[in-house]
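Here is a short briefing to read alongside the model.

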Amino acid sequence: MGGTTDTRRSAGIWCQRQRIGGDGAVAARRHGQAAALGREQELGLIDSLRDRFPEEVGFGGELWTRQSLGALVAKRFGVELGDSTLSRYMRSWGLMPDGPEERACPLCAAAVARWMSGDYLAVARAALEQRAEIYFVGRTRLQGVTPATEALSAVSARGWARFLMMTMGMPAALPRRFLYGLSGVQKRPVQVIVDGSWSAAEWPRRLPERIVLHALPSCERA
């Protein structure tokens, strides 16, 4: 009995680390990779992103993207980073992860596979009819960052990434403004698949019809 409990606890921890947000490591601390920014520069960049939307630091767009991240780096440090380097930083922060089936832990892998081959097809059909974008949403804690910071990410079915950096616990619920940012000022319809980072009770209530939320199977909901 104790072994089963330990297995579930270990798998649950693994599942938390493999959400949409990945492992959340700071790029400058990773071994075997040359860092385009020094560690203090990277931490300063995260400070500039934390609890701020792009418009608050002089950029357009409702949420941060690779393009606005590059513009912020250029503005703050006078360094022009290429798309591949910016993608590496975003990946190290957990913002460009593998697909749901690759991230699923052993305890929920079968449920995720069934969902992707069943319910997801209905989501995809609805998105096609509505000309809506599909986003997979989750969060992860960044390692080696003070104050404690989490990255909220939304990755579209086409691989586009949108994100925010937030102080841990502010707020604990799935932010309404984050979801509105996915819809944009054009109020585009979006189908949003939410991982186990938030329970359904932590989802915003009374969202407009253009924003539809779906729960991805997760050990967190078991």
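This is a predicted model: local features need pLDDT of at least 70, side-chain atom pairs count only at pLDDT 80 or more; totals for chains, interfaces and linings use all residues.

Residues are numbered from 1 along each chain as its sequence is written, and side-chain values use heavy atoms, with hydrogens and water left out. Helices (H or I, at least four residues) and strands (E, at least two) are DSSP runs, numbered from the N terminus.

**The sheet**

- Five strands form an open sheet in the order β3-β2-β1-β4-β5, and the pairing is mixed; two strands count as paired if DSSP finds at least two bridges between them.
- β3 (161–167) and β5 (211–215) are the edge strands, each with a single partner strand, so one side of each has no neighbour in the sheet.
- Neighbouring strands of this sheet are turned by 25 degrees against each other on average, direction ignored; the axes are lines fitted to C-alpha atoms, and angles run from 0 to 180 degrees between N-to-C directions.
- As a reminder, strands of a sheet pair through backbone hydrogen bonds, either parallel or antiparallel.

**Strand pairs, one by one**

- β1 and β2 (residues 149–156) run antiparallel and are joined by seven bridges, with Arg141 standing opposite Glu150 in β2.
- β1 also pairs with β4, here in the parallel sense and over five bridges; Glu133 has Val190 in β4 as its bridge partner.
- β4 (residues 190–194) and β5 run parallel, joined by five bridges, and Val194 stands opposite Ala215 in β5.
- β1 is mostly covered, with eight of its nine residues buried; buried means under 20% relative accessible area, exposed over 50%, and partly exposed in between (1.4 Å probe, protein chains only).

**Helix α7**

- Helix α7 (residues 119–130) has 12 residues, which should span 16 Å at 1.5 Å a residue, and its end C-alpha atoms are 17 Å apart, in agreement with that; the expected span is 1.5 Å times one less than the number of residues.
- Tyr120, Val123 and Ala127 are the buried residues of α7.
- An α-helix has 3.6 residues a turn, so residues three or four places apart point the same way.
- The cover over the buried residues of α7 includes α6 (109–117), β1 (133–141), β4 and β5, where contact means heavy atoms within 4.5 Å.
- Arg125, Leu128 and Glu129 are exposed on the other side of α7.

**Backbone details to check in the view**

- Most residues other than glycine have a negative phi, and most peptide bonds are trans.
- Asp51 is not a glycine, yet has a positive phi of about 60 degrees; Asp51 lies in the loop between α2 (39–49) and α3 (66–77) and counts as partly exposed at 36% relative accessibility.
- Arg206 also has a positive phi, about 55 degrees, although it is not a glycine; Arg206 sits in the loop between β4 and β5 and, at 79% relative accessibility, counts as exposed.
- The peptide bond from Thr146 to Pro147 is cis, with omega near -5 degrees, and Pro147 is in the loop between β1 and β2.
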